[in-house]
Amino acid sequence: MASFIVAEIPIGQERAVPPQAVIDQLTNEDVHGGTATKTDVAGAPALRRAYRSTPDEEKLSSAPEAVRQAALPTRRVEYVLPVVDDAGRWISINFSTPGDGDLDSEFTGVLVELFDAVVGTFRWSYE
């Protein structure tokens, strides 16, 4: 089981902010239980965040049984990159998986590597 989501996010629409400045700021933000690194995607500066997410036990205690049973720890990876030649528009490419239930297993690691490989093939196309 895994999820893959691409979304547009507004950053710096009121005034032009250089992409590298945004990436620097995002890299310096705390990533609870993970890392944030600068990278390159499709020839543009990008941010890669990787972290683990565990269900909030306090919130789960009042959730319906089906929600409690479905709540699993997950490995998450997010890429944030600017839309080329369109200041203020950014995209976020997100991946999340519980893997095989062991966040440190080889299988879970391979799923994360596969996602990184998919993002590595990203290219802008204008038709």
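Ring pairs link Phe 4, Tyr 79, Phe 95 and Phe 115 into a cluster, where rings of Phe, Tyr and Trp (its six-membered ring) pair if their centres lie within 6.5 Å, and planes under 30 degrees apart count as stacked, over 60 as edge-to-face and the rest as tilted. The model is predicted, so local features need pLDDT of at least 70 and side-chain atom pairs count only at pLDDT 80 or more, whereas totals for chains, interfaces and linings use all residues. Residues are numbered from 1 along each chain as its sequence is written, and side-chain values use heavy atoms, with hydrogens and water left out.

**Aromatic pairs**

By this rule the count comes to 4 aromatic pairs, and two of them are set out here.

| Pair | Centre to centre | Angle between planes | Class |
|---|---|---|---|
| Phe 4 and Phe 115 | 5.5 Å | 75 degrees | edge-to-face |
| Tyr 79 and Phe 115 | 5.8 Å | 55 degrees | tilted |

Phe 4 lies in strand β1 (residues 3-10) and Phe 115 in helix α4 (residues 106-120), so this pair ties together parts that are 111 residues apart in sequence; helices (H or I, at least four residues) and strands (E, at least two) are DSSP runs, numbered from the N terminus. Tyr 79 belongs to strand β4, so its pair with Phe 115 of helix α4 ties together parts that are 36 residues apart in sequence.

Buried means under 20% relative accessible area, exposed over 50%, and partly exposed in between (1.4 Å probe, protein chains only). On this scale Phe 4 is partly exposed at 46%, while Phe 115 is buried at 3% and Tyr 79 is buried at 6%.

**Strand β4 and its partners**

Of the 9 residues of β4, 8 are buried, so this strand is largely enclosed by the rest of the structure. Strands β3 and β4 pair in the antiparallel sense over 7 bridges, two strands being paired if DSSP finds at least two bridges between them. On the other pairing, β4 and β5 run antiparallel and are joined by 8 bridges. Glu 78 in β4 is the bridge partner of Arg 49, and Glu 78 also stands opposite Asn 94 in β5. The hairpin formed by β4 and β5 has 6 residues between the strands, and Asp 85 in the turn has a positive phi of about 60 degrees.

**Helix α1**

In helix α1 (residues 19-28) the buried residues are Val 22, Ile 23, Leu 26 and Thr 27. Seen down the axis of α1, they fall within an arc of 135 degrees, so they line one face of the helix; the arc is that of the directions from the helix axis to the C-beta atoms. The elements covering these residues include β2 (34-41), β3 (44-53), β4 (74-82) and β5 (89-97), with contact meaning heavy atoms within 4.5 Å.
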